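Visitor: I'd like to walk through this one with you, starting with how its parts sit together. Shall we put it on screen?

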Amino acid sequence: MFCIAIALLLVLVVDGHQHYFSRRDPLARWVGEQSRFARERILANIAPFAGDSTAMAGAMCASPSHSRPDYYYAWTRDSALVMNEILSWLDDGHVDGRLDIALDSYVGFTRHVQSLDSAVYGLGEAKFHMNGTVFTGSWCNAQTDGPAIRALAMMRLGLWKTVRSDLDYVERVWWRNGGCDIWEESRGLHFYTLMAQHRALREGTQVAQRRGDPVAERYLEAATGIAKLLERFNHGVVVPTIEWSGGLDGKSDLDTQVLLAALHFTEVGEKYSVESPVIISTVLAFLRRFEPMYDINRVAFTDIYGVRVPVGVAVGRYPEDVYNGVGSSRGNPWSLITSALAEYHYRLALAYADSEELVVGPELAALLQWSAPYLNNGDEALDSLVSLQSYLLAVGDLYMARVARHTGRDHTMYEQWNRRTGFGQGAIHLTWSYAAHTAAARAREKLVEAINN
Ligand SMILES: *[C@@H]1O[C@H](CO)[C@@H](O)[C@H](O)[C@H]1NC(C)=O
């Protein structure tokens with residue numbers, strides 16, 4: 001398999017650079033227009049921009065949908081992820097005064113939530129009402145990734161006291177196996193949650209050390225303990241949950257929360273970073289599994305501004321999923337996860353662009369080989385691609401084009417796409433769907449820059 005991929009790569013080393021980019025123009029245009037829409041739509045989900053006078057400033061709804069499904073709540077995880085994404089827009093030089101207002105308000109909302117002592121699950125409460133009160137209905141609680149992700153955002157803002165509240169909580173609870181996973185279904189120790197906590201406590205240790213805060217020692221000890229636990233998730237592919245203790249049962253070991261964790265919480269060279277062999281193998285396992293599952297995956301092309309563009313596989317949360325966006329029947333592919341696949345291939349390419357030492361191992365060779373027929377479906381001949389980076393850009397673009405196909409002309413994103421019809425389904429204007437798109441778009445931009453230099 002390895003030799004085949006090397007041969008494949010040699011074939012790629014031919015002229016055709018300009019040709020490739022000119023063919024990609026419609027997709028690049030779509031990505032830009034979708035990003036502009038996404039930024040507006042994300043702001044429209046954050047009070048005070050949300051047009052809801054009862055919402056507390058800085059509260060971000062997961063979706064403006066109030067019923068079927070009711071996602072009109074401020075989820076700690078979703079909000080923190082999206083705020084980190086907004087911080088990355090600013091890092092990339094994006095200027096918009098409304099973003100500063102949104103961030104300031106979010107800090108205020110965070111301090112408010114941290115001060116609520118009535119919350120049964122403390123900072124691990126999954127979600128709050130938009131007016132800043134505790135949601136007291138029954139829910140899969142606690143969810144302990146949220147405070148960790150929020151701490152990452154607060155560290156970027158340099159707000160140590162706010163960071164301390166969240167990290168002190170995480171440091172107390174990370175070892176408990178009763179908490180819920182990001183899909184709010186299963187109890188145990190979860191890969192995504194622990195990866196978030198590990199990253200936050202590691203960064204927190206460094207900040208504490210710089211500030212001479214003795215809490216550094218406790219954070220370091222917790223981070224070390226989590227690192228040890230994380231070893232146990234590697235079963236050839238990375239599994240989502242160990243020490244299962246309740247909730248949804250009967251899941252196989254494939255769950256795309258692993259992909260999201262690699263994207264959200266790792267940098268190149270770490271144990272479960274995007275280019276690590278076990279993560280590559282896990283991603284390939286998802287693709288193989290999801291490809292035959294959804295009718296819409298039989299479509300190989302889409303039309304983007306009048307140009308025929310090949311599309312990749314649409315993927316969902318995990319193969320046994322039955323949540324259809326409103327209730328239970330059959331699971332569907334998700335917008336944010338398919339965007340994450342695009343981001344994954346761009347980031348993989350960037351890892352190779354940034355490091356001279358990385359070689360194409362058998363796992364990556366297998367992924368490249370698996371993807372090749374999708375590219376061949378297009379007008380894009382494989383031999384028009386000049387390098388591993390260009391090749392991975394083209395593969396990432398397959399997933400980007402898949403998202404474009406199901407997003408529709410008015411740019412509205414949903415949580416899911418119906419597995420048979422491909423139309424948006426479940427929560428409309430899901431904030432995370434838009435943030436996953438802009439994250440993929442940013443990675444794409446960096447990659448195109450790296451290739452052109
Ligand atoms: C906050 O919003 C919830 C949900 O709409 C509502 O039940 C509750 O009464 C509100 N609380 C306050 C103090 O406004």
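Visitor: How many Å separate the centres of domain 1 and domain 2?
Guide: Keep in mind that this is a predicted model. The chain is divided into domain 1 (1-44 + 276-453) and domain 2 (55-251). Taking the centres over C-alpha atoms, the separation of domain 1 and domain 2 is 27 Å.

Visitor: What area do domain 1 and domain 2 bury between them?
Guide: In residue terms, 32 residues of domain 1 are in contact with 33 residues of domain 2. Interface size is often quoted as the accessible area lost when the parts come together. Carbon and sulfur atoms hold 65% of that area here, and the total that domain 1 and domain 2 bury is about 2,600 Å².

Visitor: Which element gives the most to the side of domain 1 that touches domain 2?
Guide: Across the interface of domain 1 and domain 2 there are 14 residue pairs in polar contact. On the domain 1 side, α2 (17-43), α10 (277-290), β10 (424-428) and α14 each supply at least two residues. With seven residues, the one that gives the most is α14.

Visitor: And by class, how many residues on the side of domain 1 that touches domain 2 are charged?
Guide: Five salt bridges are counted between domain 1 and domain 2. The side of domain 1 that touches domain 2 has 16 nonpolar and seven polar residues, and its charged residues number nine.

Visitor: Which helices hold Asp145 and Arg77?
Guide: The side chains of Asp145 and Arg77 meet in a salt bridge at 2.8 Å, N to O. The two residues are 68 residues apart, with Asp145 in helix α5 (residues 145-156) and Arg77 in helix α3 (residues 76-91). Both of these residues are buried. So, for Asp145 and Arg77 in turn, the helices are α5 and α3.

Visitor: What is the relative accessible area of Asp166?
Guide: Arg150 forms a salt bridge with Asp166, with the closest N and O atoms 2.8 Å apart. Arg150 lies in helix α5 and Asp166 in helix α6 (residues 160-173), so this pair ties together parts 16 residues apart in sequence. Arg150 counts as buried at 4% relative accessibility. Asp166 is buried too, with a relative accessible area of 0%.

Visitor: About what phi does Glu184 have?
Guide: Salt bridges that share partners join Glu184 with Arg77, Asp78 and Asp145 into one network. Glu184 is found in the loop between α6 and β3 (186-190). Most residues other than glycine have a negative phi. Glu184 is not a glycine, yet its phi is positive, at about 60°.

Visitor: What is omega for the cis peptide bond that joins Asn141 and Ala142?
Guide: Most peptide bonds are trans. Ala142 is found in the loop between β2 (127-128) and α5. The bond that joins Asn141 and Ala142 is cis, and its omega is about -5°.

Notes:
Residues numbered from 1 in each chain as written. Predicted model: local features only at pLDDT ≥ 70, side-chain atom pairs only at ≥ 80, totals over all residues. Heavy atoms only, no water. Salt bridge = Lys/Arg side-chain N within 4 Å of Asp/Glu carboxyl O. Helix = DSSP H or I, 4+ residues; strand = E, 2+ residues; numbered from the N terminus. Buried < 20%, exposed > 50% of the residue type's maximum accessible area, 1.4 Å probe, protein only. Domains from an automatic or database assignment. Contact = heavy atoms within 4.5 Å. Buried area = accessible area lost by both parts, 1.4 Å probe. Polar contact = N/O pair within 3.5 Å; in protein donor to acceptor, adjacent residues only side chain to side chain. Nonpolar A, V, L, I, M, F, W, Y, C, P; charged D, E, K, R; others polar.
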